[in-house]
Structures are given as structure tokens and as C-alpha cells.
Amino acid sequence: MCCAMIDEKELRGKLAYDETFSCVQCGYCLPACPTYISFGKEAHSPRGRINLVKLAAEGKISIHDMANPIDLCLGCRACETVCPTNVEYGKILTSAVNVLAEYREKDRSRKEKVLRDVVFHRALTNKNVLKLMGKGLYYFKKTKMDKVLRKSKILNIMPQAIGRMESITPAVKLPLNRQNALSAEKTRSQLRIGYFSGCVMDTIFANVNDLAIKLLEIGGCEVVTIKEQGCCGALQHHSGERELAVNLAKKNIEAFEKYEFDYIVNAIGGCGAALVEYHHFFDENDIWFERAKRFSALNKDISVILSKLDLPFTKSINKNVSYQPSCHLTNVQKVIDEPLKILKSIPGITYIPMKQKDMCCGSAGIYNIVHHEESMLILDDKMAHLKNNIPEVIVTTNPGCHLQMLLGVEREGLSDHVKVVHLVEIIAEACEI
Amino acid sequence: MNGHIEVIVEKLIEAFGDSSRVLTEVQDLYSYSFDASFGIYKPEIICQPIATDEVVELIKLAAQYKIPVVARGTGTSLSGGPLPVKGGIVVDFSLWDTKLEIHPDDLIAVVSPGVITSKINDKAIEFGLMYPPDPSSAHVSTIGGNLAENAGGPRGLKYGVTKDYVLGLEVVTAEGKVIRTGGRTMKNVTGYDLTKLIVGSEGTLCIITEATLRLVPRPLATKTAMVLFDEIVDSGHAISKVLRSGIMPAKMEIMDRHSIIAVEEYASLGLPIDVEAILLIELDGHHQAINEEMIRVEEACMSVNARSVIVAKDDREAEQLWQARRLVSPAIVKIKPTKISEDATVPRSKIPEMFQRLKEIREKYNVHLVVFGHAGDGNLHPNIIADQRDEEEMHRVEQAVEEIFEAAVSLGGTLSGEHGIGLMKSPFMEMELGKDGLHMMKLIKDAWDPQNILNPGKIFPEPGQRFVLRND
């Protein structure tokens with residue numbers, strides 16, 4: 001085992017050891033933790049994981065002994081919301097993920113290295129690749145090649161997870177042309193908004209971004225989608241690709257600093273969570289810390305801005321609607337009431353509260369692909385809560401949750417009865433955009 | 001170390017018919033090595049039974065190989081009840097939450113040991129009933145753990161504690177026999193009251209596999225008041241005064257000045273920081289009755305020099321008043337991370353004197369001691385805030401806690417009102433019970449568990465055992 005070579009002091013410095021002392025092990029996080037509830041093991045609870053990180057830092061267990069529970073954490077951070085002593089779980093988790101990534105680097109198989117390189121370093125961060133993927137998906141769907149391929153079972157050679165995700169991926173629309181520079185003059189009442197489009201979002205759900213921009217414009221905002229923006233770095237950050245995540249953060253901070261926006265707005269719960277925590281990517285003494293903090297303060301979820309605007313609802317939507325909040329929107333961005341407020345204000349809607357709606361759906365970035373089986377256990381628990389009162393529409397606020405809910409609906413055989421939409425889509429429909 | 005672990009694991013898996021509920025990985029052994037108190041004790045095996053048969057099989061194996069068996073709910077214990085101090089098998093009951101039946105006409109609930117405590121009350125409410133015990137961890141803790149530790153809670157003042165709601169139990173003995181104690185009736189005097197003996201025995205006599213619980217009609221309404229005091233001693237007098245004016249509040253909770261300041265600094269709720277104590281009083285019953293009673297509560301408090309009484313107009317305002325109490329824990333750990341939560345309890349008349357003793361202890365040992373808790377039943381919660389990485393400070397804390405125990409016992413009180421003895425308080429048992437009293441308890445233990453396989457190392461002090469609050 002390589003841990004024998006790991007210097008204990010060095011490890012203690014890298015893991016958020018001091019932060020583990022804030023945990024008084026009361027266990028109040030247990031009922032809020034989706035993996036604890038679904039797997040039924042203390043090691044897969046926030047309290048259990050914090051204890052393992054502490055013991056690893058003290059050299060009482062090897063870092064390999066904490067690997068499995070850390071890998072299987074969704075990072076939904078629901079535990080932080082219920083913690084009575086404000087333990088910084090996110091910080092502890094990230095430190096453990098980074099340490100594991102570092103010590104695993106050399107053990108990784110060539111295949112895995114290539115895959116990580118392609119996903120984190122090339123695909124997600126490269127606009128052209130994503131555009132190509134987007135177009136590919138678009139034409140793939142449009143030409144019905146997907147059906148042909150599915151019939152030919154070629155897709156079955158892909159891992160089951162990707163195969164399943166492919167089958168529920170919605171029809172892709174190409175993004176519209178967007179305003180990408182500030183107009184010369186600003187009217188006084190107008191909010192100037194920099195739109196953060198995201199990478200996966202702008203590929204699979206580009207139309208949601210387009211609708212969001214239109215709604216902001218109808219509400220009287222000037223919306224600019226600057227070209228210099230890039231991937232937020234959240235997925236890399238959660239996967240222990242720290243350096244890469246930091247570089248992506250710096251690029252975005254620099255890009256948006258050149259403009260004077262009142263807000264930077266996104267419609268992606270997960271990316272938004274990374275953006276509002278960019279300062280956590282840096283050491284407090286780093287000159288980037290304050291810059292990141294200023295940037296983070298400007299970032300808002302679309303629902304926060306829309307809830308302040310006068311939206312022209314012209315169409316009644318007479319449907320039973322449930323809301324599945326994005327964990328990162330709830331627990332990190334702390335945006336809880338706004339989406340519900342707008343949703344309930346849409347004429348005709350009957351709101352059906354989802355039982356235990358704050359439990360993660362198991363999507364969690366790329367968790368549902370890399371830990372597919374576990375993710376399905378969590379998803380099944382979520383869907384079980386829907387069974388007594390099936391809505392006609394499930395509203396989400398994050399592309400990952402959106403895809404996972406589509407998958408859940410399909411697994412339950414409800415695809416003909418239940419529609420999954422982004423909050424922006426249902427608002428746009430009510431405004432007849 | 002027991003040399004038969006591999007054999008036991010193999011036989012357990014066979015008995016359970018499911019290897020996923022028998023755990024031996026390092027990550028699991030360490031994850032059941034702690035609770036909400038102090039110390040890390042690594043067990044050798046974890047198993048997660050979901051049926052009485054499985055418990056019988058595992059006890060038989062433990063008896064055959066003389067290996068310790070330690071029952072555990074969700075590990076919220078503040079006294080070390082579920083710590084496997086002698087290693088062995090930790091029996092995690094948290095998966096066994098399958099039975100929760102309400103029999104509304106008999107006013108009883110029948111539950112399996114892993115049911116989360118608050119879910120019993122949630123279900124009872126559907127039938128217009130209530131399960132009163134409400135430890136603050138009720139939304140996390142299991143009923144099995146509550147039974148083993150005889151848990152209390154704020155409502156203990158009016159409604160009593162867990163033991164007051166247990167009519168019958170199904171248990172597995174140290175020999176692996178299944179017995180039933182008590183029954184489903186309110187009255188039952190057939191033989192010794194084994195039910196009450198087992199409740200609070202902290203897993204040292206047998207393993208509880210099912211409980212029949214008593215429910216009561218749910219009160220129609222509640223009403224809350226916040227009472228401010230310039231002198232903490234007056235708040236003690238107010239408690240007695242209210243109780244002697246013909247009113248039994250559901251809850252009477254206290255916050256001392258140190259906890260008020262901590263909450264204000266933490267959350268700025270607008271609490272007055274120049275008072276010495278706040279009492280939160282909740283009445284429950286018919287709304288007309290509690291409106292009348294609240295007037296009497298105000299009069300009683302004002303007659304013993306309360307500064308003022310704030311009565312919540314509705315449930316929303318009541319919620320805001322209770323927020324102050326709820327924020328004490330998060331607020332005080334902002335000062336320092338380690339929280340030593342004690343529950344020494346004194347007769348109600350001695351509350352003012354206990355406050356004085358606590359003040360002296362705070363000064364003598366220079367520790368950060370705050371007092372809050374269920375003042376109405378004399379069950380104060382002196383909490384000391386420290387940093388467990390500071391050895392010198394922890395030593396002073398240990399001395400201060402010892403003196404808190406001594407103060408409580410010398411005032412005619414007890415070491416523990418509701419947290420249990422577990423590992424932490426066993427060195428003080430003789431101080432409260434006397435040599436002969438403790439010996440009689442030991443005779444019971446020896447008769448029920450002659451091989452000492454059930455939660456060994458608990459309740460009874462080991463020769464030379466000292467009080468420690470450290471993890472190493």
C-alpha cells in the first residue's frame with residue numbers, strides 16, 4: 001500500500017483536518033443524506049465520512065480506507081443545510097477528493113487517464129468540441145439516426161449508463177445568435193446582465209438558455225452573452241482536478257471583470273453553486289481570493305432575477321406540477337423560495353409538493369455515469385415518493401437533475417404521463433414565448 | 001482479540017442469508033466506533049439485523065464464542081452507550097424500521113427497534129394521538145436507543161420520559177431466548193416489572209427487538225411565552241411558583257446569560273443581552289384553557305421579579321421565540337468546537353442553588369460553561385465549550401465536570417437525568433448509589449448476563465477507571 005510513504009504531516013495539511021473538529025457527531029445529518037438513506041451504512045453518511053477523513057489525517061487509517069465512501073458521496077451538501085454546528089462539509093469533501101486524486105494519479109490505468117484527459121481537459125473546456133457535440137447530437141436526433149442506432153443495438157456496446165442516458169437525452173436545439181457585446185447606452189431602469197451559458201447546458205439545453213435570455217429581455221433587462229466565458233470548472237473541482245478548476249475560474253473572473261454587469265445570471269443550479277463559491281478555490285492570502293469574492297457576489301440564479309421582474313403571463317397552464325430542487329441551488333446557493341414563488345404565480349398551476357423534495361435525485365454531476373448502480377438506488381428512492389401523487393409536470397433547475405428525472409420517469413414507465421421541464425421553460429410557456 | 005472472528009463472520013452471513021448486512025471492512029469498523037460522546041473503539045464485526053431470528057442467532061454465536069455484543073441505533077448517545085469498548089460485534093439496528101403500527105382504539109403503538117423516534121409521533125398524530133417523549137435528536141435517534149437509555153426531552157416536565165410510555169417489550173436474552181415482558185394493557189402487576197428494569201439498562205441485560213408503546217390524546221393547541229429575568233435565581237423561583245399555581249406547562253426551558261449572548265452574537269435575534277436568564281414556557285391543551293392559564297403564568301412570573309413576559313400571539317410567533325433556544329447549540333460551538341453536554345439533575349427546589357454552584361465551578365476552573373435546558377423538571381444542561389486539542393484545558397474541563405456531578409448528588413439530585421451512564425459516568429456510580437446499592441445492581445447484571453457479553457464495560461466502573469473526555 002502506498003500510504004506508508006505518505007508523510008502524515010503533509011497529509012494533515014492537505015486534508016481539511018481542522019474543519020473536522022467542528023463535527024460533534026450528533027448525527028443530525030443522517031436523515032438528510034441520500035447515500036446514508038439508500039445504502040444504510042454509517043460510512044456513507046456525512047458524519048461517517050468526516051470521521052474517516054479525520055482518522056486518515058491522523059494516520060489511523062490509510063487514505064484507501066476512506067476512498068469508497070468519499071467516491072460515493074454525491075456532494076449534494078444537504079448535510080450542511082441541516083448541520084447544527086455549521087461544519088464545512090464541502091471543504092472537507094473537496095480536500096479528500098483532491099488527496100485521493102493526487103495519490104491515485106500514478107495508479108490510474110492508461111485508459112482511464114485518456115478518458116479523464118478527454119472529458120475534463122479537452123471536451124468540457126473546449127467550446128468548439130462542445131459545439132460540435134451539440135451539432136452532432138442535434139443532427140443525430142434530427143435524422144432519426146438515434147432510432148436506427150438504438151435498433152441496431154450498436155449503442156449497447158457503450159457502458160449501460162451512457163446508453164441509458166443517451167436514450168433519455170432530449171431533442172437538441174442549436175443555440176440562437178445572442179447579443180455578445182454591451183450596447184453603447186444603458187437606460188437607467190435597465191439591469192445589465194451578463195449571461196453565463198455553461199457548457200453541457202448550452203449543448204443539450206441550449207433552448208433553455210435562449211428562453212431564459214428572452215424572459216430577462218421581456219422583463220426589461222439588457223442581456224449580454226460574452227464570448228470570452230468558459231466552463232465553470234465545477235465537475236473538475238468535484239473530481240479532484242483542482243489545478244484545472246482554478247484555471248477555469250481565473251479565466252471566467254478575468255473575462256467578466258472587463259464588463260460592468262449588475263448581475264451575472266445562469267440557469268444551472270450546479271454551475272451557479274461553483275460560481276458563487278469561486279473564492280473557496282483560492283487560499284485567503286491569494287490575490288485572486290478577493291477578485292473571486294467580488295465575482296461570486298454578482299452571480300445569481302435565473303429564478304432570483306425573474307422573481308424580481310414583472311413577467312407577462314398570458315397563458316394559463318392547467319396542470320399538476322411538482323418541483324425537484326437542485327441540491328446545489330438549495331444547499332450552496334441557498335436559493336429556496338424564489339423558484340417556488342414564480343412557479344406558484346403561474347396562472348392555472350396546481351402545485352403538488354414532492355415528498356422529501358430536498359433529497360438528491362442521484363444525478364450529481366457525472367455521478368450517475370461513474371456510479372451508475374448507486375445512483376439508480378437513490379433515484380428509485382426518489383421516484384417512490386412520487387408514486388402516491390403523480391404530477392403531470394416535474395420542474396427542475398439544473399440540467400443534471402433534468403436528465404436524471406427523465407430517466408426516473410422512464411424507469412417508472414411514466415414517460416407518456418409526466419413531462420420534465422426546466423423552470424424557465426414553463427415560465428416561457430406561460431408567457432407564450 | 002478473539003481468534004474466531006472469521007468463523008463468526010461466516011456463520012453470521014449464513015444466519016442472515018445476506019452478506020451485505022455483515023460488515024468487516026476498515027471503513028465500516030471505524031464508522032461504528034464512535035457515538036456523539038467521546039472515544040473511538042473499533043469493533044471486529046458490524047451486523048445489521050432486521051428480524052428477531054437473526055438477533056437470536058447472533059446472540060447464540062456471541063455466547064458460544066464469548067464475544068461482546070453492543071446494540072446501536074443511530075449513535076446519537078451522549079454518554080457512550082453504543083461504544084464497543086471491548087471490541088466484538090456492534091449490532092446496528094437502524095435498518096430494522098419495518099414495523100410501526102398504531103392501534104388507535106387501544107391507544108398503543110407497536111414498533112421495531114430501528115424506527116426513528118419522531119416517526120412514531122408523526123404517525124400517532126394521524127389518529128389524533130401523541131407519543132410524548134421528545135429528545136432533541138428525535139428525528140435522528142431510534143426508538144431502540146431511546147428505550148435502552150430511557151431518553152427524556154423537554155416535554156418530560158408534564159409527560160414524563162420514555163419509560164413512562166412502555167407497556168411491553170420483546171427481548172432476546174444473553175442465552176438467545178426470546179421473552180415478552182408486560183403487555184398491551186395500561187395496568188399489569190403480574191410479577192416483577194421487567195419492562196421497567198430493561199428500559200434504561202443500556203443494552204447490558206438483553207437486546208430489545210420490539211416495543212409496545214402507550215400513546216395519549218394529542219392536545220388541541222399550544223401557547224408559548226418568553227420570560228426575562230434580571231436575576232437567574234428568580235427564574236428558579238418562577239418555575240416553582242408557576243407549578244404551584246395549578247398549571248403544568250408542557251415545557252419550561254431555560255437559557256442563561258452566556259447562552260443568550262452566544263445566540264445574539266450568532267444570529268442577532270434581538271434578545272436582550274443584559275438579562276441573566278430567559279425562560280421559555282409552552283402550555284398545551286384546549287385553547288380556551290391555555291389562554292386563561294397563560295394569564296396566571298404571567299402573574300406568577302411577575303410576582304417573583306421577572307422583568308417582562310412576552311406571549312406569542314400565534315404559532316408563527318411561538319416558532320420565533322423557540323428559535324432562540326434552538327440556536328444555542330450552533331451558537332456556542334462557534335466559540336470553541338468541543339461541546340461537553342451534561343445532564344445532571346436536581347430536585348426542583350434546588351435549582352437556584354445549583355445555578356450558584358455552577359457559577360462557582362465556572363470561575364474556579366475558568367471554563368466556558370453555559371447553562372440551558374429543561375429547567376422545569378430540574379434537568380439542567382450545563383454545557384462546557386472547549387477545544388479537545390488543548391490538553392490543559394480539557395484537564396480543567398474534566399475536573400469541572402466531576403465537580404458538577406458532585407454538586408448535583410450533594411443537592412439530592414442525580415448524575416444523569418436522561419443521557420444515561422454509559423462509559424462516561426460509570427466512575428461516579430458509587431458516589432450516588434453507595435457500595436451496596438451498586439452491588440445489588442451488579443447482582444442483577446450477573447444473573448441476566450453471567451458471561452458478561454452484553455455491552456461489557458458499561459455502567460459499572462472497572463477497577464481504577466477514571467473520568468476522561470478525550471479521544472485517544
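Buried here means under 20% relative accessible area, exposed over 50%, and partly exposed in between, with a 1.4 Å probe and protein chains only. The notes below use that scale.

1. Basis. This is a predicted model, in which local features need pLDDT of at least 70 and side-chain atom pairs count only at pLDDT 80 or more, while totals for chains, interfaces and linings use all residues. Residues are numbered from 1 along each chain as its sequence is written, chains are lettered from A and ligands numbered from 1 in the order in which they are written, and side-chain values use heavy atoms, with hydrogens and water left out.

2. Helices (H or I, at least four residues) and strands (E, at least two) are DSSP runs, numbered from the N terminus.

3. B:Arg325 pairs with B:Glu253, and their closest N and O atoms are 2.9 Å apart. B:Arg325 belongs to helix H11 of chain B and B:Glu253 to strand E13, 72 residues apart. B:Arg325 is buried at 16% relative accessible area. B:Glu253 is buried at 2%. Elsewhere in chain B, salt bridges that share partners join B:Lys99, B:Glu170, B:Arg180 and B:Glu210 into one network.

4. Contact means heavy atoms within 4.5 Å.

5. Helix H9 of chain B. In H9(B), residues 257-267, the buried positions include B:Ser259, B:Ile260 and B:Glu264. The buried residues of H9(B) pack against E13, E14, helix H11 (315-326), helix H12 (328-335) and strand E17 (368-374) of chain B. B:Ser268 follows H9(B) and has a positive phi, near 45 degrees.

6. Domains of chain B. The assignment gives domain 1 (5-92), domain 2 (100-217), domain 3 (219-335) and domain 4 (336-420). Such bounds come from an automatic or database domain assignment. The C-alpha centres of domains 1 and 3 of chain B lie 43 Å apart.

7. Nonpolar cores. The largest has 83 residues, and A:Leu216, A:Leu343, A:Ile426 and A:Ile427 have the most contacts inside it. A nonpolar core is a set of buried Ala, Val, Leu, Ile, Met, Phe, Trp, Tyr and Cys residues joined through side-chain atoms within 4.5 Å. Domain 3 (191-306) and domain 4 (320-430) of chain A both give residues to this core, so it lies between them. A second, separate core of 61 residues includes B:Met354, B:Leu358, B:Met429 and B:Leu469. Leaving aside neighbours within four places in sequence, the contacts of A:Leu216 include A:Ile193, A:Val265, A:Ile302 and A:Leu309.

8. Interface. 35 residues of chain B are in contact with 30 residues of chain A. The two chains bury about 2,400 Å² between them, 54% of it on carbon and sulfur atoms. Buried area is the accessible area (1.4 Å probe) that two parts lose on being put together, summed over both. B:Gln27, B:Phe34 and B:Arg389 supply 24% of the area that chain B buries against chain A, more than any other three residues. The rule finds 2 salt bridges across this interface. B:Arg389 forms a salt bridge with A:Asp18, with the closest N and O atoms 2.8 Å apart.

9. Helix H2 of chain A. A:Thr20 lies in H2, residues 17-20. A:Thr20 is buried, at 1% relative accessible area. Not counting residues up to four places away in sequence, A:Thr20 touches A:Ile50, A:Val53, A:Lys54 and A:Ile92.

10. The whole structure holds 43 salt bridges over all chains. A:Arg77 forms one with A:Glu277, the closest N and O atoms being 2.8 Å apart. A:Arg77 is in the loop between helices H5 (63-71) and H6 (78-82), and A:Glu277 in the loop between helices H16 (269-276) and H17 (287-298), 200 residues apart. A:Arg77 is buried at 14% relative accessible area, and A:Glu277 counts as buried at 16%.

Conventions:
Salt bridge = Lys/Arg side-chain N within 4 Å of Asp/Glu carboxyl O.
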